[in-house]
Amino acid sequence: MSVLAAEHLHLTFPKQNVPVLQDINLKIEEGTLTVILGESGCGKTTLLNILAGFQQPSSGQITLDHEVVTAPDARRAVVFQDHALLPWLNVSENIGFALQLKGLKAQEIQQQVDAILKIVGLSHVAQANIWELSGGMKQRVGIARALISHAAFILLDEPFAALDAFTRETMQQLVLDLWIEQNKSFFLITHDI
């Protein structure tokens, strides 16, 4: 069972005297759902960026299965606040892009994309352009892209913050269902109780 751990994390940005994170210790085991709740500006996204390997702490370390994390890798996937999709690719192409980079054959990519589209309820828009989608649909594409990577840890950076209340509730239920069905670790940061 994989474990993603933060050990005595500290982070102070160079031009600030006040620490953003101070002595953070956290253990996320594979198959768990962890939620960090806090107000805007309290360091939630900064913590996620360190867990993802996008940013290095001032001191302390992140380990994944007892190996120190120094950069992003395929064992952790991120769903961003802003969907971060490639606008020149359609829905299926956005989801399958990482598999294409891995060198998988087109038929295998399409099979995996079709399966993930069904899971997130987007089969009917597989060939749609990104600009044709609602905000909730774009976030489902982002979640599908994270799932198809087969990462053990899915890190979600307030992915529902810009959604209306109805869509947000639907998306929260989707994440809960995926956590139950997929046996992956989900790490969600939010300011929404």
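Which elements each supply at least two residues of the lining of the second largest pocket? They are β3 (33-37), α5 (165-182) and β8 (185-190), where helices (H or I, at least four residues) and strands (E, at least two) are DSSP runs numbered from the N terminus.

## Basis of the model

This is a predicted model, in which local features need pLDDT of at least 70, side-chain atom pairs count only at pLDDT 80 or more, and totals for chains, interfaces and linings use all residues. Residues are numbered from 1 along each chain as its sequence is written, and side-chain values use heavy atoms, with hydrogens and water left out.

## Second largest pocket

A pocket is an open set of points on a 1 Å grid over the protein atoms alone, where a 1.4 Å probe fits, with protein on both sides within 12 Å along at least five of seven lines; lining residues have an atom within 4 Å of a point. The volume here is about 200 Å³, a volume being the space filled by probe spheres set on the points, which are joined across faces, edges and corners.

The lining includes Leu-33, Val-35, Phe-160 and Gln-172. Helix α5 provides the largest share, three residues. By class, seven residues are nonpolar (Ala, Val, Leu, Ile, Met, Phe, Trp, Tyr, Cys and Pro), two polar (the others, Gly among them) and one charged (Asp, Glu, Lys and Arg).

## Largest pocket

The largest pocket has a volume of about 420 Å³ and is lined by 20 residues, with Arg-76, Ala-77, Val-78, Ala-98 and Ser-149 nearest its centre. Two or more lining residues come from each of β6 (76-79), α2 (91-101) and α4 (135-148). Helix α2 gives the most, four residues.

This lining comprises 14 nonpolar, two polar and four charged residues.
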